[in-house]
Structures are given as C-alpha cells and as structure tokens.
Amino acid sequence: MELEYVPLLRIQRELYDQPRGMERFRSYLRTMVDARSGDLELPLVAMNPMGKDHVPALLDRLLAVDADGVGAVAMRAAAERPAARSVSGRYRVALVVADDAHGGWTNRYQSEFDHRFEGAALYKRGWITGILWTSEEPSAEAAGREVATAIQRFAHVRRHGPATTLKAMLKQEGEAMAAAGCREPVLDADDLAYTRETMAPYLVRGDRPTAVACLYGDEAARELGYPPLGFSARAGLALALDAAHHARQE
C-alpha cells in the first residue's frame, strides 16, 4: 500500500478566519467539493464549518505541536506493519477535527460509529482519515495514534471486508487499536469479566442499536434513543482492545 500524507489542519484553521456565517459555510463547501465534478475533493465531511471559537483554538494548539507532521511520521511507521504491507493501492491520509464539544452539528457516538464502520465512501475516493475531537485534550501523541489506528483499520477492512456483526466489529477495532499502540479504553477486571460474559449473546447481532449499546455503553444508547443493555462507557471497545492485546502476546 502506497500512502501520501496530506496536511489539512491548517486548511481547516484558515476557514475559521472568516466570520461565522453563510460565507464561511460556502467557503467550506468550495474547499471540500470539486467544482467541476461535484464530488468530494477533501475529506472534511466530519468538520463543523459553523464551529465556535473553541474549534479554531484547538486547531491552533494542534498546529503548535505540529500534529500533521506527527501524523505523517505515524503514517510511515504504520505503512511498514505487516497488515498494511499486505494491502495494495495508493491512498491519501489526513487528520480532520470533529466538533463534539458544543452545538448540535456532531453527535459523538453516531459520528464515531460511522467513522469506524462506514468508511467505504472515503476509501472509494482514496482517503484514509483520522478524527480528532474537540472534547478531548489535543496532543501530538493523540494525533499519531489516530493516524496509525485509521490505517490499521483500513488494512483490516481490506483484508476481511466490512464488519457486519458485533463480533467482527470488536475484532476490527481491537486489532486496529492494538496495532497502533493504544492503551485505552480500559475496564477493571470485574467489569471486563462481566462485559465479556454479558455481551456474548449479542456477538451475532449486527444492528446499530445493539452495536452502539455494546461498544459505547448505556449512556450512548440512551442519548441516541436505543435500548440500554447494561454496559459501562466504551465497554465493548475496552473488551476488544483487551482481547487483541492478549492475542498479540500469545
């Protein structure tokens, strides 16, 4: 797999230099969409063009730590891993900031689920994107991990196909996070054992309400109007990461 890193954080920051309003929104569309084809030119769908002051402030902090430069280094390292080397094709890699901290533009759980499991449209256009969230502390390390995770996720999807059951989703995300060096999310031993046992009957399910409740927990399920299933925050993702770490040690 041939990868090219495309730094987009400064482009996103410059859009916020315009006053918040329709002109900024139109600039966002002109930047994101190719005028001749009408197709996506830059993968900025997750960006909130109407974001308030906290979004450019976060972008300033990411630019100050050269998050795009760190992302490029992480991309090159991830490309050398066996999973990525087994995949053919040429792809561009980028980081995009999604605003889940204020306003109604982005629901974190819905958007994150789509990012993890419904990336086919961007993959088809030759993009692999990592998402940085305005609700989280920005850092170069987080940017690098996100790029690495996105590449490992893509390689897994190319090798195994899209995840259509909870079991496949857990395997995809666990392997991607572990390969990228992620150490979170985690559960204590008792909660991990409870989650493993209680989640087992749902592994064959593939519907979004079940998957969201298992992966992200009861709070996420309630927020999206889905039935809660008795799980802690990010319980499924913690279980997936734990299983992947153990598998790598065997």
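**Helix pairs, core and loops**

Tutor: Let's start with α8 and α9, which are oblique to each other. Before we go on, this is a predicted model, where local features need pLDDT of at least 70, side-chain atom pairs count only at pLDDT 80 or more, and totals for chains, interfaces and linings use all residues. Residues are numbered from 1 along each chain as its sequence is written, and side-chain values use heavy atoms, with hydrogens and water left out.

Student: Why are α8 and α9 called oblique to each other?

Tutor: Helix α8 (residues 140-160) and helix α9 (residues 166-179) pack at about 140 degrees, their axes 8 Å apart. Angles under 35 degrees count as roughly parallel, over 145 as roughly antiparallel, 65 to 115 as roughly perpendicular and the rest as oblique. So α8 and α9 come out as oblique. The axes are lines fitted to C-alpha atoms, for helices over the stretch in contact, and angles run from 0 to 180 degrees between N-to-C directions. The helices themselves are DSSP runs (H or I, at least four residues), numbered from the N terminus.

Student: Which residues in α8 and α9 meet?

Tutor: From α8, Thr-149, Gln-152, Arg-153, His-156 and Val-157 meet a set in α9 that includes Lys-171, Glu-175 and Met-177. Contact means heavy atoms within 4.5 Å. By class, the contact of α8 with α9 has 4 nonpolar, 4 polar and 4 charged residues. Here Ala, Val, Leu, Ile, Met, Phe, Trp, Tyr, Cys and Pro count as nonpolar, Asp, Glu, Lys and Arg as charged, and the others, Gly among them, as polar.

Student: What makes the pair α6 and α11 roughly perpendicular?

Tutor: The axes of helix α6 (residues 108-117) and helix α11 (residues 208-216) come within 11 Å and cross at roughly 100 degrees. That falls in the roughly perpendicular range, so α6 gets that label relative to α11. Among the residues that meet are Phe-113 and Phe-117 in α6, and Val-212 and Leu-215 in α11. This contact of α6 with α11 divides into 7 nonpolar, 1 polar and 4 charged residues.

Student: Which residues touch the most other members of the largest nonpolar core?

Tutor: Met-1, Leu-3, Ile-128, Ile-151 and Leu-215 do, out of 78 residues in that core. α8 gives the most to this core, with 8 residues. A nonpolar core is a set of buried Ala, Val, Leu, Ile, Met, Phe, Trp, Tyr and Cys residues joined through side-chain atoms within 4.5 Å. Leaving out residues up to four places away in sequence, Leu-215 touches, among others, Phe-113, Phe-117 and Arg-234.

Student: Why is Val-33 called partly exposed?

Tutor: Val-33 has a relative accessible area of 27%. Buried means under 20% relative accessible area, exposed over 50%, partly exposed in between (1.4 Å probe, protein chains only). So Val-33 is partly exposed, and Glu-41 is too, at 38%.

Student: What stands out about phi of Asp-66?

Tutor: Phi of Asp-66 is near 55 degrees, a positive value in a residue other than glycine. Most residues other than glycine have a negative phi. Asp-66 lies in the loop between α3 and α4 (67-79), and at 46% relative accessibility counts as partly exposed.

Student: Which two residues does a cis peptide bond join?

Tutor: Glu-184 and Pro-185, with omega about 10 degrees. Most peptide bonds are trans. Pro-185 is in the loop between α9 and α10 (189-199).

How values were computed:
Helices (H or I, at least four residues) and strands (E, at least two) are DSSP runs, numbered from the N terminus.
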